Amino acid sequence: MKKWLRKRKWLIASLAVFALMGTQAAGAAQNALEAVAVKFNIVSNGKPVKLDQDAVVIDGSTYVPLRALSEALGKQVEWNEATQTIQLKEQPKVEAIHEWKNPSELTAGIKEGGFSGLLHMPNDPADVFYTLADRGPNGEFGKDKLRTFPDDKYAPRIYKIKAANGTIEVLETIKLHLPEGKTDVYSKTSELTGMPNLEGSDEVPYDGSGTKKLGYDPDGLDLEGIAYSPSDDTFWLSDEYRPSILQVKRDGTVIGRYVPQGSKDKLVAAGAQMEIYDTLPAVYNNRIANRGFEGVTISPDGKYLYTSIQSPMAVPDKKTGEESRHLRILKMDLSTKKIIGEYVYVAENASSFKNVKQKDVVISDLSALSSDVVLVDERDKNAGEEAQLKRIYRADFSKATNLLGTEASNDLEKLTIAQLKEKGIVPVTKELVVDVAKLGYPHEKLEGLTVIDKNTIAVVNDNDFGVDGYDDQGKLKLNQNPSQMYVIKVSEDLK
């Protein structure tokens, strides 16, 4: 009898995991006892409950997938792989959706957009934010997917915006530029561009027609994240190209660019005019193209900066990086501008989802809650009903292993989860805060993230300036995908 009870408890746990993790756990359960799938309707508050898997009958008892039933009852379900636990929380709610309804035209019908980061300052009104656009409109031309830049003089920029009454209003546009007396080698002005930096290590740039090669800009930026330093009233931005992080004055003047060791000489030789500091670990030179630093945030006390790589790096090669789940996050002491920590954040397992590749499970932004707790925006590449992974996690660094300068840092991407444990490497712990895909979020890119107050966060999408590839005649296609902000209420206290 005791043996049967133990087996029954194990089976119930297995079915709960099955509802969260897929067929592997279900197979294990059915090897123990025979489970017969049944089809019947479940109704909650007068509405049918959609089950992701059929209910099953085992020994006369009926078992229903935990996730579907819990969500029907207004609960958010989290399966924590690291601790092997399931948590149920109150379902967050979308409080408001705001949209940029009248963006200005840039060129050839392409309009402003491309929100890639989001920042709310504690002393600002709850509806005032800062966001930024990335390198400007770009596309992929032809079967070779040539990288095109229809507006090659586009200046990366910061927007101060007001989001209220369903509308996003731009209060100020701050274009990034070099200090007085400096001239960008590509734009021939003080304004920067979004063009790639270096031949051989960045994508080859083409014009909007995909027929003419363009030049490189060693000071060009592909901006993805924005943070604020209260100690000196400056912004810090993350850049995908090198990858790099930049300190910028409130008027858009770049004070300094921090790059991986070994990058500075190449940039200077190519004509870079910025003040460059090659103080980041050299291993970051191995980032996969267009997959550099994505998120950046500063702790509320202003002491520490965190920046995250978008996806695993080509260590020791691109194939290994694309199969890895290990994402790196750096920590900088802002009083010294020195990197003091490197941590591994384990991304969700793509095999737990449908039509999701591991290389497309990425970090898109960060928002610090304290000196060692950070919200992390993790997403897949799908949109609409196909989207499965658009999640905000609370990541705790307090007990994570600092890999900076260790042997493990040199080959992190090739290590398995089991090998991390064998080596005593503790990843950043993660706890689900909100599953945005469950809230009807329609966009592929859950891109910018910020905290408004202890129970409210905001996210924005990158609409890629409405660029939607090229048609069969080689003409640039545009869509009507808008730039939007979702304001989300959560039940737990974030601060």
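Reader: How many bridges join strand 1 to strand 4, and do they run parallel or antiparallel?

Author: Strands are DSSP runs of E with at least two residues, numbered from the N terminus, and two strands pair if DSSP finds at least two bridges between them. Here, three bridges join strand 1 to strand 4 (residues 55-58), and the two run antiparallel. V36 has V57 of strand 4 as its bridge partner. This is a predicted model, in which local features need pLDDT of at least 70 and side-chain atom pairs count only at pLDDT 80 or more, while totals for chains, interfaces and linings use all residues. Residues are numbered from 1 along each chain as its sequence is written, and side-chain values use heavy atoms, with hydrogens and water left out.

Reader: What is the strand order of the open sheet?

Author: The three strands have the order 1-4-5, with antiparallel pairing. Strand 1 (36-38) and strand 5 (61-63) each have a single partner strand, so one side of each is left without a neighbour in the sheet.

Reader: Is Q310 buried or exposed?

Author: Buried means under 20% relative accessible area, exposed over 50%, and partly exposed in between (1.4 Å probe, protein chains only). Q310 is buried, at 7%. Q310 lies in the loop between strand 24 (304-309) and helix 5 (318-323); helices are DSSP runs of H or I with at least four residues.

Reader: Which residues does Q310 touch?

Author: Contact means heavy atoms within 4.5 Å. Not counting residues up to four places away in sequence, Q310 touches several residues, among them E240, N290, R291 and R379.
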